[in-house]
Amino acid sequence: PRGAGEVVHVVGRFKGSTLLSGTNDFVVDALDLADGRRPRYEFPEGSFSHPCGSANERSLDWLVARVDNIRANLGRAPNLLELYCGCGNHTVALAPATGRTVAVEVDARLTAAAKRNLDRNGVANATIVTDTVGASRGVHRALRAKRSGDVCFDLLLVDPPRRGLDAATRKCLAAYDHVLFVSC
């Protein structure tokens, strides 16, 4: 439900043209999660976002429940490494249940939106990194070592583009006891 006086922006695309109802090349939307949170997200024009808000909410609820189960099994909050974080859709929902989250995106425009989404939702325990996941030795080194700096990762979340994961990243998945794989 929308609040009284709330401004609605629409971004439309048709045959290579973009139509904006205002000056922003993004829309901001809120999702209602089962745990009572209502995160607000900036979704940039041209980026992937789930086309059905209620399905996105259920997907996030499912992922949060999985992280809560992993947390219970570990006896502490897991540290999360997220690949292909986009505008931070999963990051914003999951980071509060983790000790530390490092989220990686290949598109600098989406990295900027993800950082704004973390700020907008008061998420302080996550870091967004722009990197070319498929070609970066640094990310693959962290994946193999399950460590980045002073953070040791217990959990890996991947939400790759349609082309899937590159061979080097797929090889690294086996090192993780807990892998959440989101796929369209």
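Cys-152 counts as partly exposed, because its relative accessibility is 34% and the term covers values between the limits for buried, under 20% relative accessible area, and exposed, over 50%, with a 1.4 Å probe and protein chains only. Cys-172, by contrast, is buried, with a relative accessible area of 4%. How many disulfides does a search of the whole structure find? The search finds zero, where a disulfide is taken as a pair of cysteine sulfur atoms within 2.5 Å. In general, a disulfide is a covalent bond between the sulfur atoms of two cysteines.

The model is a predicted one, in which local features need pLDDT of at least 70 and side-chain atom pairs count only at pLDDT 80 or more, whereas totals for chains, interfaces and linings use all residues. Residues are numbered from 1 along each chain as its sequence is written, and side-chain values use heavy atoms, with hydrogens and water left out. The chain has a mean pLDDT of 85, and 82% of its residues reach 70 or more; pLDDT is the predictor's confidence in each residue, from 0 to 100. Confidence is lowest in strand β1 (residues 11-14), where the mean is 64, and highest in helix α2 (residues 89-94), where it is 96.

The secondary structure of the chain comprises five helices and eleven strands, both being DSSP runs numbered from the N terminus, with helices (H or I) of at least four residues and strands (E) of at least two. Of the 184 residues, 42% count as buried. The accessible surface comes to about 9,800 Å², and 52% of this belongs to carbon and sulfur atoms, as computed by the Shrake-Rupley method with a 1.4 Å probe, only the protein chains shown counting as cover for residues. Among contacts (heavy atoms within 4.5 Å) with a separation of 6 or more, 60% are between residues 24 or more positions apart.

Helix α1 (residues 53-74) has 22 residues, and at 1.5 Å a residue it should span 32 Å, so the 31 Å between its end C-alpha atoms agrees with expectation; the expected span is 1.5 Å times one less than the number of residues. The buried residues of α1 include Leu-60, Leu-63, Val-64, Val-67 and Ile-70, together with Asn-56, Glu-57 and Asp-61. These buried residues pack against β4 (40-44), α2, β10 (155-158) and β11 (178-181). Just after α1, Gly-75 takes a positive phi of about 80°.

Further along, the loop between β5 (80-83) and α2 holds Tyr-84, whose phi is near 65°, a positive value in a residue other than glycine. Tyr-84 counts as buried, because its relative accessibility is 8%. In helix α2 itself lies Thr-91, which is buried with a relative accessible area of 0%. Which residue does the side chain of Thr-91 join through a polar contact of 2.5 Å? The partner is the side chain of Glu-82, a polar contact being a pair of N or O atoms within 3.5 Å in which, within protein, one must be able to donate a hydrogen and the other to accept it, and residues adjacent in sequence count only if both atoms are side-chain atoms. Not counting residues up to four places away in sequence, Thr-91 also touches Cys-85, Pro-96, Thr-101, Ala-103, Leu-118, Ala-126 and Ile-128.

Helix α3 (residues 108-120) contains Ala-113, which is buried with a relative accessible area of 0%. Leaving aside neighbours within four places in sequence, Ala-113 is in contact with Glu-42, Pro-44 and Cys-87.

Beyond its neighbours within four places in sequence, Ala-142 is in contact with Arg-147, Ser-148 and Tyr-176, and its C-alpha atom is 9.2 Å from that of Leu-81, 61 residues apart in sequence.

Cys-172 touches His-140, Leu-143 and Arg-144, not counting residues up to four places away in sequence. Of these, Arg-144 is 28 residues apart from Cys-172 in sequence and 5.5 Å apart in space, C-alpha to C-alpha.
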